[in-house]
Amino acid sequence: MAICTVYTTPSLNSTCSISTTSKTQLGFHQKQVVFYSSGKKTSKRGSNTTSPYVITCSTTVGDSKTVVIGLAADSGCGKSTFMRRLTSVFGGAAEPPKGGNPDSNTLISDTTTVICLDDYHSLDRTGRKQKGVTALDPRANDFDLMYEQVKAIKDGIPVEKPIYNHVTGLLDPPELIKPPKILVIEGLHPMFDSRVRDLLDFSIYLDISNEVKFAWKIQRDMAERGHSLESIKASIEARKPDFDAYIDPQKQYADAVIEVLPTQLIPDDNEGKILRVRLIMKEGVEFFNPVYLFDEGSTVSWIPCGRKLTCSYPGIKFYYGPDTYFGHEVSVLEMDGQFDRLDELIYVESHLSNISTKFYGEVTQQMLKHADFPGSSNGTGLFQTIVGLKIRDLYEQLISTKAKTPVEATKA
Ligand SMILES: Nc1ncnc2c1ncn2[C@@H]1O[C@H](COP(=O)(O)OP(=O)(O)OP(=O)(O)O)[C@@H](O)[C@H]1O
Ligand SMILES: O=C(CO)[C@H](O)[C@H](O)COP(=O)(O)O
């Protein structure tokens, strides 16, 4: 007895037909079946045959698989801030699952679900201490489960995902994650395991230089969490070997990298307040056209300060041009310096192309809306916002393509 089980994605109906390579054994040639989706899996039993068969489902618009985005960075490098900007582009705020574990790391909005890969730590805080490994070490993480669950969600199947509790350092009982339109997996290792990496429709790496990471850590952990300077230094040093071995190499796989460096506008600056931020965009990624300044493919240096843009010392400098990154062709857009007046950003926005806005001034509007987020006056906020718009564009192109193409599922 062959049992055919089709999982449909939430909310809309799929019309499917069953065929087999040896139709005579099936007892029917092409049976038309309609799967009424109620946001859960629906199944249909087949006939008494063991021969392989094919289920072809043509789906209505919007009835697509979950689009999966990976965001990698070390702890304290701005992932949460980026996520808030991204979910805002889709409209609506992201919140923890209602009525669930108050220490859940998950954030859900209408369109997106953001899961934190810390939830796949296989060793809790005590376990890591006993074994002498950090959370960055692959041995402290369950990549098999990560792969199985991300794959299931991508295929429209809900999962019971574990929770790593950052308050207690323990592994809590799991929480139910239903397939969203867009799943973001953020954390230390979204591109580490090749099976998980292959599930990603788009990937981003936040590459924060050591100097800047240190300044941000001090700002947060000293000012907001009461840690001492020595303990912050010690924690960064202790993580560094594993960061270099397991986290940093993932940037070679990213479709977009946001690199954050000290400014070059102030010689020997060691304050770390003014930043040089580079958006490195891989060429040839499906549904992703890199942003450009003035003229696509040219090399451009631009100082926009003057009549249209107010700049105090040390000013603002943009750069755009082609480059290679880990052997890949890329386009790089760079901003060094910071904005004095955010509303004047419209002047810069109007000179950028391929930014995937839906209306004139959308980048500036988003930046003004979140002027209180860290990085709003410099390239970190600007490029995070632009990447958010590019992800919306990629998602819209992906679902419209999937809606046009029949989905084929085979089962022996
Ligand atoms: N663009 C930025 N400019 C300046 N400071 C920033 C920026 N982004 C983040 N920070 C600083 O870094 C801190 C951590 O940011 P955020 O919480 O977004 O990082 P995270 O990667 O999600 O951290 P964690 O993984 O530890 O939860 C913020 O409190 C802020 O002090
Ligand atoms: O690198 C990290 C990612 O957030 C954390 O340090 C890791 O998840 C362990 O968490 P904790 O320090 O709360 O035990």
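# A tour of the predicted model

Select Pro314 to begin: it sits in the loop between β16 (300–302) and β17 (316–325). Helices here are DSSP runs of H or I with at least four residues, strands are E runs of at least two, and both are numbered from the N terminus. The peptide bond from Tyr313 to Pro314 is cis, with omega near 5 degrees. Most peptide bonds are trans, and most residues other than glycine have a negative phi.

Before moving on, two notes. This is a predicted model, in which local features need pLDDT of at least 70 and side-chain atom pairs count only at pLDDT 80 or more, while totals for chains, interfaces and linings use all residues. Residues are numbered from 1 along each chain as its sequence is written, chains are lettered from A and ligands numbered from 1 in the order in which they are written, and side-chain values use heavy atoms, with hydrogens and water left out.

**Stop 1: two positive phi values**

Select Phe294. Phe294 lies in the loop between β15 (292–293) and β16. Its phi is near 65 degrees, a positive value in a residue other than glycine. Phe294 is partly exposed, at 41% relative accessible area. Buried means under 20% relative accessible area, exposed means over 50%, and partly exposed is in between, with a 1.4 Å probe and protein chains only.

Next, select Ser356. Look in the loop between β19 (352–353) and α9. Ser356 is not a glycine, yet its phi is positive, at about 60 degrees. Is Ser356 buried or exposed? Ser356 is buried, with a relative accessible area of 18%.

**Stop 2: ligand 1**

Select ligand 1 and show its surroundings. The shell holds 14 residues, and the closest are Gly76, Gly78, Ser80, Thr81 and Thr380. A residue counts as near when one of its heavy atoms lies within 4 Å of the molecule. By class, this shell has three nonpolar, eight polar and three charged residues.

Now draw the polar contacts. A polar contact is a pair of N or O atoms within 3.5 Å; within protein, one must be able to donate a hydrogen and the other to accept it, and residues adjacent in sequence count only if both atoms are side-chain atoms. A polar backbone atom of Gly76 is 2.9 Å from an oxygen atom of ligand 1. For a polar backbone atom of Cys77, the distance to a ligand 1 oxygen is 3.1 Å. For a backbone N or O atom of Lys79, it is 3.0 Å. Ligand 1 taken alone exposes 630 Å², and the protein buries 82% of that. Such areas come from the Shrake-Rupley method with a 1.4 Å probe; for residues, only the protein chains shown count as cover.

**Stop 3: ligand 2**

Select ligand 2. Around it are Ser75, Asp118, His121, Arg125, Arg128, Ala135, Tyr164, His166, Leu188 and Arg239. They divide into three nonpolar, three polar and four charged residues. Zoom in on the side chains. A polar side-chain atom of Asp118 lies 2.7 Å from an oxygen atom of ligand 2. His121 also places a polar side-chain atom 2.7 Å from a ligand 2 oxygen. For an N or O atom in the side chain of Arg125, the distance is 2.8 Å. On its own, ligand 2 has 360 Å² of accessible area, and the protein covers 78% of it.

**Stop 4: the largest cavity**

Select Asp74, Asn210, Lys213, Lys217, Ile236, Arg239, Lys240 and Phe243, which line the largest cavity. Its volume is about 80 Å³. Which helix gives the most to the lining? α7 does, with four residues. Two lining residues are nonpolar, one is polar and five are charged.

**Stop 5: two buried residues**

Select Ser376, in the loop between α9 (362–369) and α10 (379–404). Ser376 is buried, with a relative accessible area of 3%. Finish at Leu345, in helix α8 (residues 345–349). Leu345 counts as buried, at 0% relative accessibility.

Definitions and conventions: On a 1 Å grid over the protein atoms alone, a cavity is a set of points where a 1.4 Å probe fits but cannot get out, and a pocket is an open set with protein on both sides within 12 Å along at least five of seven lines; lining residues have an atom within 4 Å of a point. Grid points are joined across faces, edges and corners, and a volume is the space filled by probe spheres set on the points. Ala, Val, Leu, Ile, Met, Phe, Trp, Tyr, Cys and Pro count as nonpolar, Asp, Glu, Lys and Arg as charged, and the others, Gly among them, as polar.
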